[in-house]
Amino acid sequence: MRFSESWLREWVNPDVDTPALADQLTMAGLEVDAVEPAAPDFSGVLVGRVQSVEPHPDAEKLHLCRVDTGMEPPLQIICGAPNVAKGMKVPVAILGARLPGDFEIKRVELRGVESLGMICSATELGLAESSEGIMPLPPDAPVGEDLRTYLSLDDRCIELDLTPDRGDCLSLAGISREVGTINRSPVQGPLVAPIPARIDDRFPVRLEAPDACPRYVCRIIRNIDPVAETPLWMQERLRRSGLRRISPVVDVTNYVLLELGQPMHGFDLDRLDSEIRVRMATNGERLSLLNGEEIEMREDTLVIGDHHKPVALAGIMGGSETGVDSRTRHILLESAFFAPQAISGKARSYGLHTDSSHRFERGVDPELQATAVERATKLLLDIVGGEPGPVVVESSERHLPKQRRLRLRRDRIIRLLGVDLEERTVEDILTRLGILVSPAPDGWNLVPPSNRFDLLLEVDLIAEIGRIYGYENVPITHASSPATTKAPPETAFDLDRARLALVARGYHEVITYSFVSPELQGSVDPRREVLTLSNPLSADMSVMRTSLWPGLLQAARQNQARQQERVRIFETGLRFLLDGSELRQDSVLAGLAVGFSAPEQWGMKVRPVDFFGAKADLEAVLALTGDPDQYRFVHAEHPALHPGQTSCIERNGRTVGLLGMLHPALAAELDVNGNAFLFEVELGELEAGRLPVFEPLSRFPTIRRDLAIVVDGNITYDQVRECVATAASDMLQDLVLFDVYQGDRIDSGRKSLALGLILQASSQTLTDQEVEVTISRVLTRLENELGARLRD
C-alpha cells in the first residue's frame, strides 16, 4: 500500500514528523518499506501562461512561444511539443533553473533564435515515466507561482508492506484509523452524503451465487461528458499512490479504492444487455479482459454477466467489451462484496494480480459498498457531470458475514502480555479501534467492526491491545523454567560438517525454489508422478520438485550465461514424492559440478571434471558417517543421465542416492555447456553412522606386494576389492588400485588392474612364506570368482 503523506494528514494530522510517523506505523505492525519524496529535486520552475504561439522562422517542427511567468518582460521560449497552444497554463523552467539529473537551464540559440527558458513535460520534471507533449496545468493555476508550491510536491510517499490479515489498512481510511488510534488524534475523512437521484433508471440485478457475492450495489449515471479530464489534484494523488491516469471514470473508481478500500468498476451501460447476473462461470466460457488477454474460465470462477454473456471476472478485472472509453455517455457503477474464499487464488490461477483481487482476497468491509457508490457519484458529478439514478442494492442477508461477539478476560491479558493494564486503558484502546465494548463479570463483551476480518479469537484482541499500548512499553521478563539441552548421538550424521566438506572442495551452497516448471521436471525426472499446484505463482513454477536437480541445473545455466565456466554447487532441501495418495517429503543433499576440476593456475594443468572426481566429492561426504565402506557404487540407469556414467549408491543393499553425468541430449536442451555431473543422496539414510573404535597399532612392519591381473571389462573394482579382502582376511591392511590399462597385449573386452596389497600382522613379523601363501590364496579366489588371471 503506497500513499501520500499529505493526503493522509488531511484525514488525521498528529503532531509527529515523518520519521516518527513511519516508526509508529512499523511498531504497530504496519511495516514501512520505504519513505520517498513525491517528486525529484528541481527548482526554478514556475507556472506560466502561453501568450502566443508562432512558427519558428527556420524550423518546421519548432514553435516560437511568448510566455508570461509573472515577470517582465514575457519570456521568448522555443518549444517543439505538438500540444502547445495559446492560453495554456504550463510549467516553465526559467534561466538558472535546475531540473532532475542536475540539468541547468541556460540561454540557448536554436536556428538563429534565442530561447530564454523551457516549457516542461511531466517526464522532464520526473512526474511521469512517459508523456506526450508538455504538461498542461489547470486554467486557474496562478501565473508566477512556484510549481513545487502549487502542486505541493514537497511531500513524501510512504509504502507499507502489510501482512495478509490487515486488509482493513489497504486504504487511506484504514491507515488513518490506525494513526488516529495510536496518537489519540481525531480522524476526519470527507463527508459522504447520499446523492439524490435525478432520474428513475434502475438496472436489474440477480444474485445467482449469493454465497460468493451476498451484496451487489450499482447505480446508473447518464449523460456524462466524454471529453472531460481528470483534475490535476486527483492525478497527483493517484501518481503518488503508484497508479497512472487513465480516464475520469476509471480514475474515480481507483481513487475510491485508495481512499475507502472498496474496489469498484464502471460499465458502459449501452453495452450491457437487460440485467446483471452474478453467477458462476461455465466450463470453457471465454472472456476478453481489459488488459487485452482472453481467458477460458472454469466453473469454480465467479463472474459478473449480463443477460447473455460474462462482462467481468468478479473481484479481479472487467471485460473489454463493456469497458468505458472516450465514447461512453452512460455508465453503470458497480460496488460489491465478494466472499474472500470465492476470490482467493483465482487471480493467480489465471496468471493475474490486480489491486481489486488483492483486497477482496483479504476481505473488504461488507458495509462499505453503498458508501463507496455515493462517494464515487459525488466525484463523477463534479468532474464529468451527469444524471444519477437511485442506488440499487441487492443483498442476501443470510450469506453476509455475521456480527462476531467475543469475550475478553482480564486475567488472560495479564497472562499473555505480562502487564497488568488498568480497565480504563483497555477500554480506551478497544474503543479507539472501533470495537463495541460492554462490561462482563470477568472482563468485557466485545463486537469487532465489520472491517476487521482478523479479529476472531480472544488472543487477537489481546494482540491488538499490546500493539496499540506499545510492545516497547511491555516490561521484559526472563523465563524461570530450567533450560535443558539434549546432545545429538555421537553417530548422528552432521549436515553442517558435510556442507563444510563440500565448500572445502570448491562447492558453493545455493537455495532454489521447491516448485519448478513441468517441462523441466519432466525432462529431469520423467518417471515420477508430480504434485501440481492449484494456484501457482506462475506457469513455470507450477509443480513441486521430485529432485533438487532441476533447480541446480537452472542455477548452473544462469552462471554459465554470465561467463562462469567452472560451476560447483550443492543444495540441501526437500523433494516431494507422491506415494499413492500420500505426499512424502524427503530431505536430500544434491550437487552439480561442471567445468574444470580445479581453478585455473600455473602450478598444475587443470582438467575437466569427470565421473571419478564427482564420486570422490560424494565419498568425502559419505566418509562423515564413520563407515564409508558400507556404501557401494553400482552401475545403474536414469533417463536424465548418461547410460555409461551412472551409478546408484547402495547401503546394505538399499539405494540411498544417485550419481552420474547429465545426458548430452538433455544438456543441449537445457543449454548447459560441458559435461555436468550430478549427485543426490537421501539424508535420512545417512543418519545411522558408526562410532569409531580404537585399535592398537601393530609394532610389526608392513609388506607390500603388487599384482597386475586381467579381468573382464564389466568387472568392477568393488568386486575385486571384496574378493581380495575376503581371501587375505585380517592380514590385509590396505588395497591400492594404482593403474588401469586397456590396449596392446590385452584381449578385447578385458582390462588390466594393477593392485598394491599392504599386508601386516598384529602379533608377529610376516615371513615370506606366509606372504606367498596369502597372495596365492588371493589369486586363486580371484580366478575362481571373477575369472581373473595374472598379466604376462
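Start by selecting strand β4 (residues 59–68) together with β3: seven bridges join the two, and they run antiparallel. Strands here are DSSP runs of E, at least two residues long, and helices are runs of H or I, at least four, numbered from the N terminus. Two strands count as paired if DSSP finds at least two bridges between them. Now click on Pro55, and you'll see it opposite His63 in β4. Between β3 and β4 sit two residues, and the pair forms a hairpin.

Before going on, a word on the model: it is predicted, so local features need pLDDT of at least 70 and side-chain atom pairs count only at pLDDT 80 or more, while totals for chains, interfaces and linings use all residues. Residues are numbered from 1 along each chain as its sequence is written, and side-chain values use heavy atoms, with hydrogens and water left out.

Last stop: Arg240, in helix α5 (residues 232–240). Is Arg240 buried or exposed? Arg240 counts as buried because its relative accessibility is 5%, with buried meaning under 20% relative accessible area, exposed over 50% and partly exposed in between (1.4 Å probe, protein chains only). Show its side chain and look for the backbone oxygen of Leu151 at 2.7 Å. The backbone oxygen of Ser152 is there too, 3.1 Å from a polar atom of the Arg240 side chain.

Note on methods: Polar contact = N/O pair within 3.5 Å; in protein donor to acceptor, adjacent residues only side chain to side chain.
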